[in-house]
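Please read them with the model open.

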Amino acid sequence: MAGERSPGIKLLLTGVIGTALIMPLFMVYLLVWDRQAQANVAQNSIEAGWAGAQVISGPLLVIPYEIERETAEVVDGNTVTRRYQAREQLYVSPGKQHIGSTINPEIRTRGVIYQSVVYDAQIAGRSSFSVPEELTRLGLSSATLLLEEAFVQFPMSDPRGLQTDANLVVSGETVPLNPGLGPNAAGSGMHAFIDWSEGQDLELEFTYSLRGSSAFSFVPRGEETIWEANSSWPHPSFTGGFLPGEDDREISADGFTAKWSISNLALGQALVTTAQPQLPSVFMGDVPSRYDGQVAEYADDVATIGLVEPVNLYKLVERALKYGFLFIGFTFLAFLMFDIIAGARVASAEYLLTGAGLILFFVMLLAFAELVGFAASYALSSAAIIGLLSAYSAAVLGSWLRARIIGGLLIALYAVLYVLLNLEAWSLVVGSVLLFAALAGVMYATRNLDWSQVSSKSGNEEPVADTSEAEGIPA
């Protein structure tokens, strides 16, 4: 050394080194983002061979009708109005319907570390229909309805998940089902033709099985809709515009049951319309579901059950990274106190190596979490880094007692971080209290220190490394 630096200069250099370590922390953050992107690609690959997040609705009755329309044409410079007979369709929602869904989840894996939640849902329901009474409002009459050409639609977002057991019974008679939503209808699902020429009330009973992944959504349509769902998945996430009441859902380690009771007054929709209702787009987490990449304009019109994984390790590692600078700051602060108060000289390179070890923790945490889970990875990675830095501190600070203090500090930091990761609502409060306590401790320890004074110690003087001494930071 050319000369001893003042405590103020040491503090400044320590701050510069700590700030420089933000860059490798950011690079680790990018690594987490990249691994999560790869996990999403693998999950999409699993879903591509199974089916995406499913959105279904109850059946819709479609009635073709004929109506006289007018069109204006220009002939020889004159506007001529022509009349023609048009064929259009009326969409009728059920009066009452009761639908039950049993969702059987399964974990599918791709490679060693990537997995996705898929399911096989059994849907069974009953719906009732009657001839609409509000035809006059639409400019129609019962005479214009082609009841003998009516058909029933079963809309769903990803019909690839349909199994071979679909069955429909109309007023006691089994009716064959066909792919698609029928003539002149956009969308996906299945349909069945019904001869409704008598115009009597219809009673529909239907069952089918549907594969899907990640989430299951239901679009309520009808005067009165009851939807019941049950599953062995113990971690459901109820989202969307309709949620089951506290008394209508039960969640346990064995799974969940839930019930929705929704009236048409809550939907704010007409039961009869000439425009074909569409399945809405639904967001699943931070990205839209696979079947529709557009913004969820009608997400409030659905009830969604998300089969979420209890621990998203990439999110946890990302949250842990946000406290990375806090780890560096506390450890560097302890080194600085030993340096300027207890006389243990800590070089800039030793700060850098210590910071590299602290950052390596997050890389190890990510790497092992993909293989053994977050909790085991956290214990393994923190134990390795605490052992490494404690042993290194004994050489840097010239004392095993000081090294044990650094080790105790690291144990406390990693323990607090794990608590913060599991108590998200209190993380800001706990973090701010820790910072306040650290600042108060530094202020107290340095209350009599002259930050501008240069020590008179020789630059060649070596610290004493007596492993049996009982050194500490004097008051």
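How many cavities of 30 Å³ or more does the structure hold? The structure holds 1. The notes below start there.

This is a predicted model: local features need pLDDT of at least 70, side-chain atom pairs count only at pLDDT 80 or more, and totals for chains, interfaces and linings use all residues. Residues are numbered from 1 along each chain as its sequence is written, and side-chain values use heavy atoms, with hydrogens and water left out.

1. The largest cavity has a volume of about 30 Å³. A cavity is a set of points on a 1 Å grid over the protein atoms alone where a 1.4 Å probe fits but cannot get out. Its volume is the space filled by probe spheres set on the points, which are joined across faces, edges and corners. Lining residues have an atom within 4 Å of a point. For the largest cavity they are Tyr 323, Leu 326, Phe 327, Leu 413, Val 416, Leu 417, Leu 420 and Leu 434.

2. Who lines the cavity. α5 and α8 (400–422) each supply at least two lining residues. The largest share, 4 residues, comes from α8. Helices (H or I, at least four residues) and strands (E, at least two) are DSSP runs, numbered from the N terminus. The cavity lining divides into 8 nonpolar, no polar and no charged residues. Here Ala, Val, Leu, Ile, Met, Phe, Trp, Tyr, Cys and Pro count as nonpolar, Asp, Glu, Lys and Arg as charged, and the others, Gly among them, as polar.

3. The second largest pocket. A pocket is an open set of points with protein on both sides within 12 Å along at least five of seven lines. The second largest pocket has a volume of about 420 Å³. Its lining has 19 residues, and Leu 11, Gly 329, Phe 330, Phe 332 and Leu 333 lie nearest its centre. Two or more residues each come from α1 (7–20), α5 (324–340) and α9 (427–445). α5 gives the most, with 9 residues. This lining divides into 14 nonpolar, 5 polar and no charged residues.

4. Helix α2. α2 has 27 residues and reaches 39 Å from its first C-alpha to its last, close to the 39 Å expected at 1.5 Å a residue. The expected span is 1.5 Å times one less than the number of residues. Its buried residues include Gln 36, Ile 46 and Glu 47. Buried means under 20% relative accessible area (1.4 Å probe, protein chains only). Ile 46 has a value of 7%. Ile 46 and Val 118 are 72 residues apart in sequence and 8.7 Å apart in space, C-alpha to C-alpha.

5. Helix α7. Just after α7, Gly 398 takes a positive phi of about 75 degrees.

6. The open sheet. 4 strands form an open sheet in the order β1-β12-β20-β14, with mixed pairing. Two strands pair if DSSP finds at least two bridges between them. The edge strands, β1 (54–57) and β14 (236–240), each pair on one side only. β1 and β12 (residues 215–219) pair in the parallel sense over 4 bridges. Gln 54 has Phe 216 in β12 as its bridge partner.

7. Pairings of β11. β5 (residues 114–129) and β11 (residues 202–213) run antiparallel, joined by 12 bridges. Tyr 208 in β11 is the bridge partner of Ile 123. β7 (residues 167–170) also runs antiparallel to β11, over 4 bridges. There, Asn 167 is partnered by Thr 207.

How values were computed: Buried < 20%, exposed > 50% of the residue type's maximum accessible area, 1.4 Å probe, protein only.
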